[in-house]
Amino acid sequence: MSGDATTHVQPLRTAVIGLGKVGDLHARAIVASEHATLIAVCDNDRERREAAARRFGVAPYESVERLLADESLDTVTIATPDHLHVEPALAAIAHGCHVLCEKPLAASADEAAQVVESAGRRGVWLGVDYNRRFGFGYRTAKELLDVGEIGALEYCLLRVSDATPPPSVARHRYVMFTTLLTHHLDLMRYFGGEICRVHATSGGDPSERLMRQVSISLKFASGAIGTIVAGYRDGQTRTAEWMELGGSAGSITVEDVTRRVIVSGLDPDCRRTLEPDPIPAGDPFFQTLTDHVQAFLQHVADGREPPVTGRDGLVSLQLAEAAIESLKSGHTIEVPAT
């Protein structure tokens with residue numbers, strides 16, 4: 001297990017590495033947390049880092065090395081581009097910082113394992129931002145499942161579509177698995193437990209540079225089954241999701257990350273609906289990120305394991321790579337117990 005049980009009486013001295021839209025949200029969440037103080041921001045883009053430094057009244061840094069050398073930090077959050085997470089994470093861990101990293105934890109499962117192992121050796125907490133767990137829809141569904149509302153889980157269906165990513169993100173043909181779908185593989189584990197078998201298929205034009213439609217079939221160690229259907233669409237304005245959990249005593253439907261939840265019993269005509277706050281304070285999707293950053297900080301301050309761990313980030317990448325292997329080979333992939 002990474003980290004220790006040390007409780008921090010003083011607010012955690014925290015910095016943000018990477019200052020795009022998501023990094024700015026990290027900074028705002030830290031400023032609003034009673035468990036942390038934002039000390040510095042870091043980005044290799046001068047205009048971005050200086051603007052953020054002025055906005056939050058903190059020190060700007062161009063390099064991670066200088067940030068870690070100059071500041072006495074307890075925690076860093078990392079919101080650099082997807083393929084640039086490992087180096088700052090390892091550097092921060094080496095300096096004894098607890099780390100919350102945006103997903104994916106790394107570009108490969110092997111690299112992710114290095115980060116997880118490094119945090120374990122150094123005795124610091126490592127978290128990965130699978131923020132969907134904090135959305136009204138999925139959070140409510142998990143609470144209902146955990147109290148036995150639909151009995152034992154038998155299946156989980158999840159579909160997701162998103163805008164076609166730009167070339168800076170679409171760095172290889174199978175990028176959907178290692179970026180977008182790490183969220184949804186994590187959700188499958190969140191609801192169904194460990195996954196022991198993966199089989200993936202694809203649709204669309206096989207000559208396209210980027211894989212755009214995929215289906216992943218999963219077998220859980222519990223005996224339940226799961227399916228993810230995903231696709232990219234040119235021009236789509238935001239990610240859209242839907243999930244159904246089927247149990248021995250009914251079903252739970254989630255109408256997107258932050259939308260309503262519908263519960264049905266053994267009589268399909270007997271349904272009840274749970275609605276989110278009709279007047280949210282801001283964008284409800286990005287509020288999930290704020291909630292996760294603040295939950296991570298609270299857990300670290302209390303000396304508790306983060307709500308989403310480095311291991312969660314590692315296993316999601318292992319599952320993504322198993323799906324890619326299945327797609328390439330045409331075979332079902334057995335996933336070793338971790």
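Trainee: What order do the strands take in the open sheet?
Mentor: In this predicted model, the six strands run β3-β2-β1-β4-β5-β6, with parallel pairing.

Trainee: Which strands stand at the edges?
Mentor: Those are β3 (59-61) and β6 (126-129). Each has a single partner strand, so one side of each has no neighbour in the sheet.

Trainee: And how much twist is there from one strand to the next?
Mentor: The twist averages 25°.

Trainee: How many bridges join β1 to β2?
Mentor: Six bridges link β1 (residues 12-17) with β2 (residues 36-42). As one place to look, Val16 stands opposite Val41 in β2.

Trainee: Okay, new topic: helix α8. Is it largely enclosed or exposed, and why?
Mentor: Largely enclosed by the rest of the structure, because 12 of its 13 residues are buried. Among them are Leu181, His183, Asp186, Arg189 and Phe191.

Trainee: What span should α8 have?
Mentor: At 1.5 Å a residue, α8 (residues 180-192) should span 18 Å, and its end C-alpha atoms are 19 Å apart, which agrees. Just after α8, Gly193 has a positive phi of about 85°.

Trainee: Now the largest nonpolar core. Which residues have the most contacts inside it?
Mentor: Phe177, Leu181, Val198, Ile216, Met243 and Leu245, in a core of 50 residues. Helix α10 (residues 310-329) gives the largest share of this core, seven residues.

Trainee: What is Leu245 in contact with?
Mentor: Leaving aside neighbours within four places in sequence, the contacts of Leu245 include Ala141, Leu145, Tyr155, Phe191 and Ile252.

Trainee: And what does the second core include?
Mentor: That separate core has 36 residues, including Ala40, Ile93, Cys97 and Leu126.

Key
Residues numbered from 1 in each chain as written. Predicted model: local features only at pLDDT ≥ 70, side-chain atom pairs only at ≥ 80, totals over all residues. Heavy atoms only, no water. Core = buried A, V, L, I, M, F, W, Y, C linked by side-chain atoms within 4.5 Å. Buried < 20%, exposed > 50% of the residue type's maximum accessible area, 1.4 Å probe, protein only. Helix = DSSP H or I, 4+ residues; strand = E, 2+ residues; numbered from the N terminus. Contact = heavy atoms within 4.5 Å. Expected span 1.5 Å × (residues − 1). Pairing = 2+ DSSP bridges. Axes fitted to C-alpha atoms, helices over the stretch in contact; angles between N-to-C directions.
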